[in-house]
Amino acid sequence: MLFQQLEGAKMAESEREAPSVLSADFMNFSPKDSASRWLEAPDLQQEVYGHLAHYVPRILCQGPHSGGGREQQREELATQLLLLAPLEWFLLGGEPASGLAMLQQNNRSPPLCGRVFKVGEPTYSCRECAADPTCVLCMQCFLASVHKQHRYRMTTSGGGGFCDCGDTEAWKTGPYCQNHTPAERSRQAEEDPVSLLPPDLVARSSRIFSIILRYAVDLLTWDQEDQLPAGLEPPEHGDTYYCMLFNDEVHTYEQVIYTLQKAVSCSQKEAVSFATTVDRDGRKSVRFGDRQFCEQAKSIIVRYTSRQSKPLRVQVMHSSVVAHQCFSLKALSWLGQIIQYSDGLKRILCQVALKKGPEGENSSLVDRLMLNDSKMWKGARNIYHQLLMNSLLMDLKFKKIFAIQFAKNYERLQSDYIRDDHDREFSITDLSVQMFTVPSLARMLMVEENLMMTIIRTFVDQLRHRDPQGRFQFDRYTAQQAFKFGRVQSLIGDLKYVLISPPPEWSDQLRLKFLDGFEAFLDLLRCMQGMDPVVRQVGQHIEMEPEWEAAFTLQMKLTNIISMIQEWCSTDEHVLIGAYKKCLSTLNQCHGGLSDGEQPISLSLAGHSLDTFRYQVSQDKVSIHLPVCRMLAGLHVLLSRTEVASRFPEQLPLGELSPHLLIELPLRCLVLCAQVHAGMWRRNGFSLINQIYYYHNVKCRVEMFDKDIMMLQVGASMMDPNHFLMVVLSRFELFHIFSSVDIRKRYREANKDLAQQNALIEEMLHLIIMVVGERYVPGVGQVDPLEEVRREIVHQLSIRPMAHSELVKALPENGNRETGLERVIDSVASFRKPGVTGKGLYELRPEWNKHFNMYFHHYSRADQSKAEEAQRKLRRQNGEDTALPPPLPPPLCPLFGSLVNLLQCDVLLAVEGAVLQWAVEPSGGGWTESMLQRVLHLVGMALLEEQQQLESSSGDEDVTFTYSNKITRPGEAPSTSGSVLALLESLQNAPHLEVHKDMITWILKMVENIKTIRERTSSSSSITINQGRGLEETVRDKDKAERKRKAEMARLRREKIMAQMSEMQRHFINENKELFQQSMEELEASTSAAEHSPPSLDLTSASQICVGPRRMGWAERRQSVTCILCQEEQEVRSHGRAMVLAAFVQRSTVLSQNRGCSLPDPEHHDPLFMHPELRVGIHTASCGHIMHATCWQRYFEAVQQKEQRRQQRLRGHTSYDVENGEFLCPLCECLSNTVIPLLPHAASPDTSVEHPCLEAWLKRTSQQMAALCSTHRKQSPGAAEEAAPDGFRVDFIPPNPYSSGISTMINTFSMSAYKVGLRVNPNEQDPRVAVLSWATCAFTVQSIERLLEEEKKPLFGSLPCRQEDCLSSLTRFSSACWTSAPLRTVHGHFIRLMSVLVPDRQADDGPCILDIDMFHLLVYSVLSYSSVQSLDQSGRSFEDSAHLHLLHLTTVAQLVQILLTIRPEEQCMEHSEQSEEEQLSSQLYMFLQQLVGRALPEVSSGWQLWTSVRAGILPFLRTAALFFHYLNSAAPPTDLLGTGPGQWEALCSYLSLPSNLLLLYENHRALLEPLVSRWCRHPTVGQMLQGGGALVRYPRESNRLISLPEDYSILINQASSFTCPRSGGDKSRAPTLCLVCGCMLCSQSYCCQTEVDGEDVGACTAHTFSCGAGVGLFLRVRDSQVLFVAGKSKGCFYPPPYLDDYGETDQGLKRGNPLHLCTERYRKIERLWRQHGIPEVIGHAQEANQTLVAIDWQHL
Ligand SMILES: [Zn+2]
Ligand SMILES: [Zn+2]
Ligand SMILES: [Zn+2]
Ligand SMILES: [Zn+2]
Ligand SMILES: [Zn+2]
Ligand SMILES: [Zn+2]
Ligand SMILES: [Zn+2]
């Protein structure tokens, strides 16, 4: 394909005038001849180099215009023809196209897909089958794979990386998709693909590949600016140079653009283009010329950019060097393409690339490229990385060899990368993921290259900042060090890849190397052990917050690694034992000197004594970072879990363990947390608070907090429980309190830190609860890993129902980013689907409530209290007691078995006794509720333990747990009080302990129960246990019944109260009858206005009329409103105080029938005739809130002043633009930009006047118009020559019917409509002002009619109040707005409007009727007629008659419009009998055919004509009905309050039209026939019907948002192939889809900025102006986010209409669950758009979230 195309292109090239230098070469050159010359050459390299030396500089980089379209095309062509074609001829030994086709044919289909991902392309991974999360499929492979039916995740690629389809190691099942399933034969034996090629081809390709690859490597790694490698020197060395600018990641776009404008004096546009290319390709020549010229530019650039930082890199390079480098890149791409044809060629290239040179180590071509990677520019790196991916990484054999080279050079490559400043995706080190994630390869590298150790050592070496003890020190970190630290972290990523899957089997070598690696890792952990120590600050607050984030970042990054290493250890007992020994000895080294110099003390309590040393967390150094301890804790638990401890005890150094030392550091850390919670560390600032937060946070806790608890469990299980507790008491600094109970009393009086101490006691008790009770880690308790996850979920859901994503966030992820949530969620929770808003939620099933543990160790304090409250509430609702006893814990593993003795040891009993003793006294702060609650919990745990042991034992004798006995013993000295049990019994009924009563009752029952079991078992057998349990059950049941009864009583009481209340309401209504009467009357008025109608007209009650002399007036209704600002009531009157409605005016294209054409020029646009395409309209909306005009003005001035002050202070943005008149409604904060004045209802029709017929009215009106015209022409009022009708006085100046306040407000709104509608500055003199006020009325009515139609709502009675009020006041306003305009102007408008309806015989300067929207024409003419009527002093008002006649005329015009644009449709069944309507339609149509000739299609069916007419005219009639309804305040007929049948008839009669509309024409045929023929003879009509210009057909289709695909990945895929329209084939970074027109845009990028009103704006904003006239809706595809934009400065994000299976959106595509379209949510967005609600949504969003205001929306 490629080559045929070029043959053709060559012809074209030779035909046209080719550039001078090359034309001769073009004509004479034959690639075939060159190739055959080369074949015979003794030294092929010399020959080829000679060729390249001759041609390359002449073809490439010929001058300054590199990159220009035609220039570039010529270069491409010449490169192909003169440089690459001979290579192809040589390689294939004949014609290339057929040779390659042959190769491809003989090639077996590749087993690997290997598709290299583009930026933003969707990738898929299977959560069930992928070996690790880096294993991904491309979309094609995914769709053809089995994983489509599995639980998969979808992400977008960051570019680079390739599809793993076909890699058997990447997938546990289904490694091949349907397209890449290999044939049976090839799957078995891997044969050498080279052997399938002809030998001569092998020889030739090997020679040519090695020459070309060497050439490319030489040039890409070339560092001389003026010289070339030997053999490539150009024939003539001219003085032509390039000034080459290189990319760095230090300077910003703006800096580079600014510098370039100065240095090479280019325009801003050119500078932007240079900068974009530099950023993309890594370098770009910015100047071409002689050497001095380029040096000049260089020195300026260096000078300008060296000020802030190191200067930009610039080189002056000879043009031939640049040319050869350019061709090197092309040659590499060429190699990449050629090897796609054959696996054999691919392998030959691999051989050539990895062949060692004469220099030995690291001398292969690939080695040279790798080792020079960081010196190359971005573009060069990209191209050779791509080639490596297509060759070495696609060939399993060579992938291995390459991986070994990569691992050998690992340290050097990483150091290079860390020193470099380019992103990792442009570094060779980024390829590690392709090799290290292949488990077999990773293990091979570990064994042969000691990879694990290498990575860790490299990492440790890079972090050189240490304190005197050799620990990492991150304080006083400079920005540069921080940057380096950021880059170093990628090494941890590599380590993660290597460790991601534990080996299925171990070799001795692997064990050895893993343990080497483990030792290196321990060295790393030792550098972290004890880092960032803190000392409690007393007296003064710390001066500077210490650096803490770096240490925690490190911990966070390592968390997964630590867990993975433990997992590896768990799979092999030799490794586990080896690792345990190493870890222990490292810990012992860390502990060296721990107790040195500390003061030894001896403690005694409850008859036990202990020697320890003094240490106080509150006074000495303490660190949160104890990774070595925690590693040992993890390994110790593994010893238990794998039962290695019990099987090989002799191999373990258990004797070396000192439990006291083991617990010391973790205990200090936990005490630190307790003291911080108790408020003892307030002066240490936020950094400590943050550290404590992360210590418990889900991201860190697995290898921090959890392991510390575990270590305490390890220690406690090996110690005398009394000693353990004494150490704990001592470290909590609470020992003295419990060593003598009396001391507390004395202490209490003197101590002001009592609250602190109480908090510490609470924390300590909580710690003991956790140490004994946390048994859900496999190895500590007898549980499996899923039970652990399930317990987490149960406790999360005990707080409240949660969304899937919230649960995921609350659970720790493992290395494979799995939490295990899906595997258990359905067993504990039920799913509740989301509605149109909100998320789907999981709710805990009730049977799991009994597993709730108030002291769950992962609860924060807030979580705990919320959960406790929720659980108590639940129990109360179920009529149960509110005790929340501890749940049954799982049994402990043998190694931890002795932990339970803590619960019954003497020290704990003493502590419990002491607290209970304190609680006897109700007051004083000597104890706290939570303290007591914890003690009760501990007692409960002990009793549960005893009961469990009793139940599982066969006899009493082997139950060693005798808590129930111990608590009956009276307290020993020093606490001489009663026994714990006695205390509990006495507290049971203490009035101050009401809240704990249920729990104490539960405990006492348990004691009873245990006693019973013990008695039965000791007396007889064990069968009685069940009875004992039964007893407890019956007690509980009884209790339950009692509670149920109480709840029922409460319910009855509530009902009674409700009944009483409704009785009171009834009374109220009776008492205020008058008031209700009034509102009832109003209600009646609206439903049956017949009573109010004038008696002269006889009408059936059903017929309501809104227009014409027979309309129903409603003017008697008085309108009274209340100002929201001053709360005063006010009647709306023409001469009263002005009242206004807050309103928002905006331009709209929602109804546009043609988005393609450009918007009219505001200065010269004539808005008098609205085109039926409705390109842009003006929409007015209101929140319906009414104010006095004066109140509003005062409010607005205040807002303005506030804004001025604010802008001086901080140039802050607001959600509204005061300078454009915007403000927020003072009541509802709805965005508004003007106000509509409220006017009284229209007067009732003048029934005294006789209604003139159409002819008479037309005559009278044309006389009036003639009189006006001649007056205007003569400029002398009063001298009218034309005979004016009687009473019509052209010189009359009608009085203004409104008070000045109202007039001002009329003016205000008129100006707003004018200003917004035309986007111009206010100008009261402009004659178009009145037109725009009418326009917004007409357009708003029209858009609301569409809305009602779309939502299938009745025409009347279904609008919300605010819209009802808005339309009503808007219509009445527009009928009055002529009063504020010069009369002559309005008369002029009326005359022009009439001249279209009733055209003059000669003049045809107006638009033709096909170019006019009839509803707009109707509204404008009706509204402007008032100005004519105002001059009529005859005492008779013809206004109503005029309205009716105008309606008739426009209706007929609309009929003609519809018939003229009727769609030729397929013939339908002819009805035998035609109705009257059908006959008349046919007649009129035939008449029109006569007028316009053959242009109209043949439609013989009258039925079809009438159907089309009816459908076409319905929207017009509906809008007209709405308009006259509001204009004349006429009540709507009942039929139109619903959507039942009879709508048509009701509508026609409401409009006073016959239901056979054609009668309008038929009955005035004599008058109308000439009019119709004049309409049709307008020259434009003929042109349009002949096909000149797009016809608008009726009914116009309603606009919808574009339809979106059901599966979101289809959109992502579309977006990934979308390229920026401006920068030739580049991928767009933020592809954004316009939801209105479906246009894809390149958003948020310099390349696509456009100028709008003299300001550069991003593609979205620019598109918003043309497509949406200022309002835009977009879908940001890569972020899965909807974007709303209004104008230049406003925008917000909105949830996308795509949900995952858990009913959640995924904004930012972070979770990767498959997303599907939610139609309801999309409809909701569509409705928002149709209702013109976008600016309001943005306003509210910005008010609610101030950060949105600061975003530069115009750059999106
Ligand atoms: Zn694929
Ligand atoms: Zn595939
Ligand atoms: Zn799968
Ligand atoms: Zn007021
Ligand atoms: Zn409001
Ligand atoms: Zn672009
Ligand atoms: Zn659009």
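This is a predicted model: local features need pLDDT of at least 70, side-chain atom pairs count only at pLDDT 80 or more; totals for chains, interfaces and linings use all residues.
Residues are numbered from 1 along each chain as its sequence is written, chains are lettered from A and ligands numbered from 1 in the order in which they are written, and side-chain values use heavy atoms, with hydrogens and water left out.

The protein contains 64 helices and 25 strands, these being DSSP runs numbered from the N terminus (helices H or I, at least four residues; strands E, at least two). Of its 1756 residues, 56% count as buried; buried means under 20% relative accessible area, exposed over 50%, and partly exposed in between (1.4 Å probe, protein chains only). Among contacts with a separation of 6 or more, 76% are between residues 24 or more positions apart, a contact being heavy atoms within 4.5 Å. The accessible surface of the protein is about 75900 Å², and carbon and sulfur atoms contribute 50% of that area. Accessible areas come from the Shrake-Rupley method with a 1.4 Å probe, and for residues only the protein chains shown count as cover.

The zinc ion (ligand 2) is coordinated by Cys 141 (SG), Cys 165 (SG), Cys 177 (SG) and His 180 (ND1), at 1.9 to 2.3 Å. Donors are N, O and S atoms within 2.8 Å of the metal (3.2 Å for Na, K and Ca); water is not among the atoms, so sites may look incomplete. The arrangement around the zinc ion (ligand 2) is tetrahedral because its 4 donor atoms subtend angles of 104 to 115 degrees. Four donors count as tetrahedral if all angles lie between 85 and 135 degrees. The ideal angle for four tetrahedral donors is 109.5 degrees. Along the sequence, the donor residues of the zinc ion (ligand 2) have the spacing C-x23-C-x11-C-x2-H. Cys 141 also coordinates the zinc ion (ligand 1), which is 4.2 Å from the zinc ion (ligand 2). Cys 165 and His 180, 15 residues apart, are both in the loop between β2 (152-158) and α8 (184-188), and both are buried.

At the zinc ion (ligand 5), the coordinating atoms come from Cys 1183 (SG), His 1185 (ND1), Cys 1225 (SG) and Cys 1228 (SG), at 1.9 to 2.3 Å. This site is also tetrahedral, with angles of 108 to 112 degrees among the 4 donor atoms. The donor spacing along the chain is C-x1-H-x39-C-x2-C. Cys 1183 and His 1185 are both buried.

Helix α14 (residues 343-354) has 12 residues and reaches 16 Å from first to last C-alpha, close to the 16 Å expected at 1.5 Å a residue. The expected span is 1.5 Å times one less than the number of residues in the helix. Of the 12 residues of α14, 11 are buried, including Asp 343, Lys 346 and Arg 347. The cover over these buried residues includes α6 (96-106), α9 (199-220), α13 (319-338), α15 (365-371), α16 (378-390) and α17 (396-408). The N-terminal end of α14 is capped by Ser 342, which has a side-chain oxygen 3.0 Å from the backbone nitrogen of Gly 344.

Lys 356 lies in the loop between α14 and α15. Its C-alpha is 9.0 Å from that of Asp 367, 11 residues apart in sequence. Leaving aside residues up to four places away in sequence, Lys 356 touches Glu 361, Ser 363 and Ser 364.

In helix α13, Gln 325 is buried, with a relative accessible area of 2%. Beyond neighbours within four places in sequence, Gln 325 is in contact with Leu 219, Leu 220, Trp 222, Arg 283, Met 317 and Trp 377.

Just after α48, Arg 1319 takes a positive phi of about 55 degrees.

Gly 1712, in the loop between β24 (1698-1699) and β25 (1716-1717), counts as buried at 1% relative accessibility. The C-alpha atoms of Gly 1712 and Tyr 152 are 8.3 Å apart, although 1560 residues separate the two along the chain.

Note on methods:
Four donors count as tetrahedral if all angles lie between 85 and 135 degrees; four count as square planar and six as octahedral if opposite donors are over 155 degrees apart and all others between 65 and 115; anything else is irregular. A polar contact is a pair of N or O atoms within 3.5 Å; within protein, one must be able to donate a hydrogen and the other to accept it, and residues adjacent in sequence count only if both atoms are side-chain atoms.
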